[in-house]
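Morning, everyone. Please take a look at the structure on the screen, and I will walk you through the sheet, the salt bridges and the core.

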Amino acid sequence: MQDYTFIDDLKLRVSYGITSNQDIDPYKSVVLYGSSGFYYQGGDFYTQYAPNQNANPNLKWEQTAQFDLGLDFYLFNSRVRGSFDYYNKQTSNLLYNYPVPSPPYQYGTMMANVGKVENKGVELSIETTVISNKDFKWDLGFNFAKNKNKLKSLSNDEFQLDVVYTGEWALNGLQETPQILKPGYPIGTFYGAKYIVRMKRVFSSMKM
């Protein structure tokens, strides 16, 4: 590229990797027992125990596959410099407690790897030296970033879930969940009823 004298440095970056999330509480794949009320025998009450978690030997780590494409550039004797990045991040095998029939399961929910989430976007950073001399230097910078987040799936062939309502607030005894997790929508989407408020102005006059 010797003919392109305005380019001082140009570097292309490409990367791809898969990482896992191991931050999962222990014993999530086995049956656990907990207290479940009391029973009476011989004049005394005794604590009874029952399963409070189903076994799932197929549990595994959540997994994230990410592709990155970047470009670093220095132009016009390094008076203009910056970088551009594009990323595509696909997270799968997300863990959640799914409702299951009881029987055949011993407990009404079961943790499973099902959900999928997508994050992709671009980032641009440009810096230029507007004035540079022995007495004064002025650098001007610009940054731009855009990310698109989407929940791709909550279900598979074995576990089915249409939506998950999250968040919680209460007012005058009314309790609501203002956010929703739904395939096709960003995580953290606000959800609620639409209200039409009609206001009426009342004018009054007073005679002194």
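Start with the sheet. Five strands form an open sheet, in the order β1-β4-β5-β6-β7, and the pairing is antiparallel. Strands here are DSSP runs of E, at least two residues long, numbered from the N terminus. Two strands pair if DSSP finds at least two bridges between them.

A word on the source. This is a predicted model, where local features need pLDDT of at least 70, side-chain atom pairs count only at pLDDT 80 or more, and totals for chains, interfaces and linings use all residues. Residues are numbered from 1 along each chain as its sequence is written, and side-chain values use heavy atoms, with hydrogens and water left out.

Now the charges. The structure holds five salt bridges. The term means a side-chain nitrogen of Lys or Arg within 4 Å of a carboxyl oxygen of Asp or Glu. Asp72 and Arg13 make one of them, at 3.0 Å, N to O. Asp72 lies in β4 and Arg13 in β1, so the pair ties together parts 59 residues apart in sequence. Asp72 is buried, at 17% relative accessible area. Arg13 is partly exposed, at 29%. The cut-offs: buried is under 20%, exposed is over 50%, partly exposed is in between, with a 1.4 Å probe and protein chains only.

Asp85 also forms a salt bridge with Arg13, again with the closest N and O atoms 3.0 Å apart. Then there is Arg81 with Glu127. That pair links β5 to β6, 46 residues apart. Shared partners join Lys11, Arg13, Asp72 and Asp85 into one network.

Last, the core. How many residues make up the largest nonpolar core? Twelve, including Leu94, Tyr98, Met110 and Phe159. Such a core is a set of buried Ala, Val, Leu, Ile, Met, Phe, Trp, Tyr and Cys residues joined through side-chain atoms within 4.5 Å. The largest share, four residues, comes from β6. Met110 touches Tyr98, Val100 and Phe159, among others; contact means heavy atoms within 4.5 Å.

Conventions:
Lists of a residue's contacts leave out its neighbours within four places in sequence.
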